[in-house]
Amino acid sequence: MATKKIQSALISVFYKDNLEPIIALLKKNGVKIYSTGGTQKFIEEQGAEVIPVEELTSYPSIFGGRVKTLHPTVFGGILYRRDNDGDVAQAGEYNIPAIDLVIVDLYPFEETVASGAAEADIIEKIDIGGISLIRAAAKNFKDVTIIASKDQYAELEQRLTAQDGATTLADRRYFAAQAFQVSSNYDTHIFNYFNAEESISALKVSETKAKALRYGENPHQNAHFYGDMEALFDQLNGKELSYNNLVDVDAAVNLIAEFKGETAFAILKHTNACGVALATTVKEAYQKAFAADTTSAFGGVLITNQTVDKDAAEEMHSLFFEVLIAPAFTDEALEVLKGKKNRILLLQKMDLPGTKMIKTLLNGVIEQDKDLATETKADFTVATKKAPTEAEKDALVFAAKICKHTKSNTIILSNGDQLFSSGVGQTSRVDALLQAIDKAKAFGFDLNGAVMASDAFFPFPDCVEIAGKAGITAVVQPGGSIKDQLSVDYCDANGIAMVMTGVRHFKH
């Protein structure tokens, strides 16, 4: 039958929250309820009669509760086909009662892993009976309604109330789809827990929180964000984040993470930094970052790793920007910044988690480790006769951090606490350098004594020649070209210091 009245239910849940209305509804409709352990006690406390599963199976709960519902009488009651004469006859022969509704809430495996619990406790949270009940009931959705998570209690209550204790075939198919989503997500997290040590070559990704975005990169593209944004940010003001906002926010958060322990400010546009600076206050850091490119900052994403106070807020308030991210805001700063209702203010609550990156490509997916390498002065190998000064080394570290997070081919020009300019996403490293030099001059920066960072080696000496003539006195690059010596020779002949890191940071 397309519409089926619920006459019997099996309930076995970990979390009982918000289950009370369901119990009241089942009790009101005279539904026969089967249950186990703590769930049975909870249902009885609601004033409903319960038949223990042990009474149904003639078997006690054994092995410390590991085996309770795994029995032919239970699974027969769920799986037998009500329109199959043979199944119906066998159900009668073995006294197997029909079970029309199964409500399960699985052991909290994910939460237990996240809590840092011991492995023994984690393993005990791998649900066996519950996951089996879900699959069985979902498979037989023609006859059985499956509720596989506490998140679906309210929806079940709504439908049973509206339909006088019955579900339609469409309802049951919908809940079955939800059930397989729950079970596949559960198994994915279990696999990934084990695979952290085993490293089996298989990619399993499951995100259950989905948010529809206004559109994708362009208005004609649909888009969703899958993940727990609320765990990372509190949005304090502004419109909803768009697809492009999210891409820029991701780039901003990754860049600012390079400057722990310092007061840093960055301004990004289309994932590239157009301003980065260090200072003693957020206001001063913002001023220096803004000065690097007062044109591109318009409509950008701003980020700092320190508390935004009133002075900083007032300084940046006149600029039109899309997003500002910070770990904290003073009340006075928020009062100023909220003066523009669409301005997005994000309070960052935690560092970005995870060590892997995933991207769709061609007819598949590529996965890689995140680029977590960041070079310090200790990683520099001096390649030239002239070694950089300590101040130049500091500047080279600063430039290299920005270079790592800028689209290839890229060149970064800076001193030790301020980005002067960048050449980004060019098909030629020479073009990237020329773009950076022209941009620095356009915004009034004197490059005499500045440093240069490159995301890849120099196959020819042309870049160091151009940089030297522009006033650059120190260079950092990964090295590794068979013609490295040509660039070294030019630097030696012209008093330029060069260090190599041995680490390339392409960003495609």
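Predicted model: local features only at pLDDT ≥ 70, side-chain atom pairs only at ≥ 80, totals over all residues.

Student: Why is α8 called roughly antiparallel to α10?

Tutor: The two helices pack at an angle of about 150 degrees, and their axes are 9 Å apart. Angles over 145 degrees count as roughly antiparallel, so α8 and α10 receive that description. The crossing of α8 and α10 is left-handed.

Student: Which residues of α8 and α10 meet?

Tutor: From α8 they are I131, I134, R135, A138 and K139, and from α10 they are A176, A179, F180, V182, S183 and Y186. By class, this contact comprises eight nonpolar, one polar and two charged residues.

Student: What makes α1 roughly parallel to α9?

Tutor: The angle at which α1 and α9 pack is about 25 degrees, with 9 Å between their axes. Angles under 35 degrees count as roughly parallel, and therefore α1 is placed in that class relative to α9. Their crossing is left-handed.

Student: What residues form the contact of α1 with α9?

Tutor: P21, I22, L25 and L26 in α1 meet Y153, L156, E157, L160 and T161 in α9. Seven of the residues in this contact are nonpolar, one is polar and one is charged.

Student: How do you know that the span of α10 is close to the expected one?

Tutor: Helix α10 covers residues 169–198, which is 30 residues, and reaches 42 Å from its first C-alpha to its last. Just after α10, S199 takes a positive phi of about 55 degrees.

Student: Which residues of α10 are buried, and what covers them?

Tutor: Among the buried residues are D171, R172, F175, Y186, I190 and N195. The cover includes the helices α6, α8 and α9, together with the strands β1, β6 and β7.

Student: Why is N18 called exposed?

Tutor: Its relative accessible area is 57%. Exposed means over 50%, so N18 qualifies. N18 lies in the loop between β2 and α1, and its phi is near 65 degrees, a positive value in a residue other than glycine.

Student: What makes L362 count as exposed?

Tutor: L362 has 84% relative accessibility, and therefore counts as exposed under the cut-off of over 50%. L362 is found in the loop between β16 and β17. Its phi, near 50 degrees, is positive, and the residue is other than glycine.

Student: Why is A373 described as partly exposed?

Tutor: The relative accessible area of A373 is 31%. Buried means under 20% and exposed over 50%, with partly exposed in between; A373 is therefore partly exposed. A373 is located in the loop between β17 and β18.

Student: What does A373 touch, not counting residues up to four places away in sequence?

Tutor: A373 touches K404, V503 and H505.

Student: Which omega value accompanies the cis peptide bond from S408 to N409?

Tutor: Omega of that cis bond is near -15 degrees. N409 lies in the loop between α16 and β19.

Notes. Residues numbered from 1 in each chain as written. Heavy atoms only, no water. Helix = DSSP H or I, 4+ residues; strand = E, 2+ residues; numbered from the N terminus. Expected span 1.5 Å × (residues − 1). Buried < 20%, exposed > 50% of the residue type's maximum accessible area, 1.4 Å probe, protein only. Contact = heavy atoms within 4.5 Å. Axes fitted to C-alpha atoms, helices over the stretch in contact; angles between N-to-C directions. Parallel < 35°, antiparallel > 145°, perpendicular 65-115°, else oblique. Left-handed = near helix turned anticlockwise from the far one by under 90°. Nonpolar A, V, L, I, M, F, W, Y, C, P; charged D, E, K, R; others polar.
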